[in-house]
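Hi,

Here is the structure I said I would pass on. Have a look at it first, and my notes follow below.

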Amino acid sequence: EALASALSHEKPFRRVITLDYRGRGLSQYDSNPANYALPVELADVLAVVTALDVTPAIFVGTSRGGILTMLLAAVRPTAIVGAVLNDIGPVIEPQGLMRIKSYVGKLPQPRSFEEGADILRRLFSGQFPKLDAKDWLASAHRTFKDEKGRLVPTYDVKIANTMNGVDAERRVPPLWLQFDALRAKPLMVIRGANSDLLTGETVEAMRARRKAMDVIEVPDQGHAPLLTDAATMGRISEFVHRCERS
C-alpha cells in the first residue's frame, strides 16, 4: 500500500493498479480450490490488464506475484515494460516453501488484532527482527479481517491445498526459461537478507544471466521484504523512472 501510494502520487501522476488474486483480499473465493493455480491466476492477470487496457506496464511482483510476472513474460512479453521481482526468482528453496506450508490456512484464530499481532510476531520475528509493535499490528490488519464478529484470515484457507505437494526433499522445477523471457526488459530483484525462499546464490546466478539487473538486499527482513522503507521505495521509484524513459 505504501509503495503503490508513493508511486501513484509522483508527478506526473501515475496510474497504479493492485490486484487481489482470486481467493485473496477483496476478490471472491473460488468454489473449486483447484483453481488456486498459477495457470488460472495468470489467465486472471491477462484478463484484468486487457479489460483495463493498461499494457504495456511495469510489473512489481512479490513472491507468487513475481512468479506470475515471469510467466507473463513468457506468454505475453509485449505486456511488460519492466519488472521488479520481490524475493522470488527462478529457483525456489524447498525449506522456504515448507515454512510457508506450516502456517498457510493454519493460523490460530485471534480474539483481537492485538492478539493477531502477537501470533504473527511469534511466527515471523526470526525473519523480521526489527519490526516493532506498530508494525506487527499493521501486519495483523493485513492478515485478518472482522467477519461477523470473528477475526478470520484475509484469504480462503483452502489455498493451503495448493501446498499439499510441497516436500522438503523435492525441489520445485526451476523457472529459468521464464526468467530468460525478461532478458530484453529492465529488471530489478529485491531480496530479504533473511529470506529462505530466494538465496544469495540464486541472485548471483540471475545476475550472471542479466549483468545489468538491479539488485537490492533489504537488511533485517526475510520473505518477503515489506517495501515500506524510504530507501527501498526510493530505489524502486528510480527504476520505474528509468523504465518510463526507455
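This is a predicted model: local features need pLDDT of at least 70, side-chain atom pairs count only at pLDDT 80 or more; totals for chains, interfaces and linings use all residues.

Helix α1 covers residues 2-9 and helix α9 covers residues 230-245; the two pack with their axes 11 Å apart, at an angle of about 45 degrees. Angles under 35 degrees would count as roughly parallel and 65 to 115 as roughly perpendicular, so this pair is oblique. The crossing of α1 past α9 is right-handed. On the α1 side the contact is made by A2, L3, A6 and L7, and on the α9 side by M233, I236, S237 and V240. Sorted by class, that contact holds seven nonpolar residues, one polar residue and no charged ones.

Next, α3. This helix runs over residues 64-75, which makes twelve residues. From first C-alpha to last, α3 reaches 17 Å, close to the 16 Å expected at 1.5 Å a residue. How much of α3 is covered? Most of it: nine of the twelve residues are buried. These are G65, G66, I67, L68, T69, M70, L71, L72 and A73. If you want to see what sits over them, the cover includes α2 (38-52), β1 (57-62), β2 (80-86) and α7 (176-180).

Now for the backbone, where a few spots deserve a look of their own.

There is a cis peptide bond from K11 to P12, with omega near 0 degrees. P12 is in the loop between α1 and α2. Another cis peptide bond goes from H223 to A224, and its omega is near -5 degrees. A224 belongs to the loop between β6 (214-218) and α9.

D87 has phi near 60 degrees and is placed in the loop between β2 and α4 (94-103). K148 has phi of about 55 degrees and lies in the loop between β3 (144-147) and β4 (150-153).

Are these two buried or exposed? The cut-offs are under 20% relative accessible area for buried and over 50% for exposed. D87 has a relative accessibility of 0%, so D87 counts as buried. K148 has a relative accessible area of 85%, so K148 is exposed.

That's what I have for now.

Cheers

Conventions. Residues are numbered from 1 along each chain as its sequence is written. Side-chain values use heavy atoms; hydrogens and water are left out. Axes are lines fitted to C-alpha atoms, for helices over the stretch in contact, and angles run from 0 to 180 degrees between N-to-C directions. Helices (H or I, at least four residues) and strands (E, at least two) are DSSP runs, numbered from the N terminus. Angles under 35 degrees count as roughly parallel, over 145 as roughly antiparallel, 65 to 115 as roughly perpendicular and the rest as oblique. A crossing is left-handed if the near helix is turned anticlockwise from the far one by less than a right angle, and right-handed if clockwise. Contact means heavy atoms within 4.5 Å. Ala, Val, Leu, Ile, Met, Phe, Trp, Tyr, Cys and Pro count as nonpolar, Asp, Glu, Lys and Arg as charged, and the others, Gly among them, as polar. The expected span of a helix is 1.5 Å times one less than its number of residues. Buried means under 20% relative accessible area, exposed over 50%, partly exposed in between (1.4 Å probe, protein chains only).
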